[in-house]
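Thank you all for making time this morning. I would like to walk you through one model, and I will ask you to keep the sequence and the structure in view while I talk.

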Amino acid sequence: MTDFLSNLSAAWAATGTIEIVAVAFGLAYIILAAKENSWCWPAGFIGTGTSVYLFWDGSLYMESALNVYYLLMAIIGWWQWQYGSKTKGVLEIRSLRVKEHLNFIGIIVLLSTISGYLLSQNTDAVLPYLDSFTTWSAVITTWMVARKIVENWLYWLLINSASIYLYLDRGYVLYAVLFGLYIIIAVFGYVQWRTKLRAQNATVTHA
């Protein structure tokens, strides 16, 4: 435990301003998203904007590209949460069918295999297959967040766990700690959203 704290302290001392900004706003994003607060999207926009440079500099090209996607999704997510329902009003939480989940998982596996192979053959990318997996999984799951799909939090549990290994390998200790917090918040987010979904369904049933 003492060694871990010493390593964490040393990593903090070596952490650059860009990583600190990215982590701070990334944490703000996930907390606000778990609370179903629309301000998560502006926070996410700032955090991901700084992360684009951070990951490119660390040769995690898929992670860098992913954060460009996050920038766009921050804008789309904000609009979806405000006006994305069929009545152009506030979007409500919903769940996906098993078949839809199987389709998404198949897409993630296929795209991760293709991009992982291309990166391994044509670039100096680090851990190309794992980098690809976390990237494509996050692409799909961020769309789920924008559409308020309750199971997004379960996907994030797996993605964040894999990302921790990826970041530790590249020396991004602060980011790894952040994603450890993400795992805890994802559990809270799932419970929170699931409770709201049940309340919505109960309201519809008794209407």
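This is a predicted model: local features need pLDDT of at least 70, side-chain atom pairs count only at pLDDT 80 or more; totals for chains, interfaces and linings use all residues.

The protein has eight helices and zero strands, so that, read along the sequence, the pattern is simply α-α-α-α-α-α-α-α, with helices counted as DSSP runs of at least four residues. Of the 207 residues, 45% count as buried, and the protein exposes about 11,000 Å², of which carbon and sulfur atoms supply 69%. When we take the contacts between residues at least 6 apart in sequence, 72% of them join residues at least 24 apart.

Now to the charged side chains. In general, side chains of opposite charge can pair when their charged atoms come close. How many salt bridges does a search of the whole structure find? The search finds two, and E36, K148 and K196 are linked by them in a network.

Let me take the pair of E36 and K148, whose closest N and O atoms are 2.6 Å apart. This pair links distant parts of the chain, since E36 sits in the loop between α2 (17-34) and α3 (40-57), while K148 sits in the loop between α6 (128-146) and α7 (152-169), and 112 residues separate the two. The other pair is E36 with K196, where the closest N and O atoms are 3.0 Å apart. Here, too, distant parts of the chain are linked, with E36 in the loop between α2 and α3 and K196 in helix α8 (residues 173-205), 160 residues apart.

Are the two lysines buried or partly exposed? K148 has a relative accessibility of 3% and therefore counts as buried, because buried means under 20%. K196, at 28% relative accessibility, counts as partly exposed.

Finally, the surface. L110, I114, Y117, L118 and Y129 make a nonpolar surface patch of about 510 Å². Which element gives the largest share of this patch? That share, four residues, comes from helix α5, which covers residues 98-122. Y117 lies in helix α5, and this tyrosine is partly exposed, with a relative accessible area of 46%.

Note on methods:
Residues are numbered from 1 along each chain as its sequence is written. Side-chain values use heavy atoms; hydrogens and water are left out. Patches are made of residues with over 30% relative accessible area and no salt bridge: like charges are joined within 9 Å, nonpolar side chains (Val, Leu, Ile, Met, Phe, Trp, Tyr) within 5 Å. Accessible areas come from the Shrake-Rupley method with a 1.4 Å probe; for residues, only the protein chains shown count as cover. A salt bridge is a side-chain nitrogen of Lys or Arg within 4 Å of a carboxyl oxygen of Asp or Glu. Buried means under 20% relative accessible area, exposed over 50%, partly exposed in between (1.4 Å probe, protein chains only). Contact means heavy atoms within 4.5 Å.
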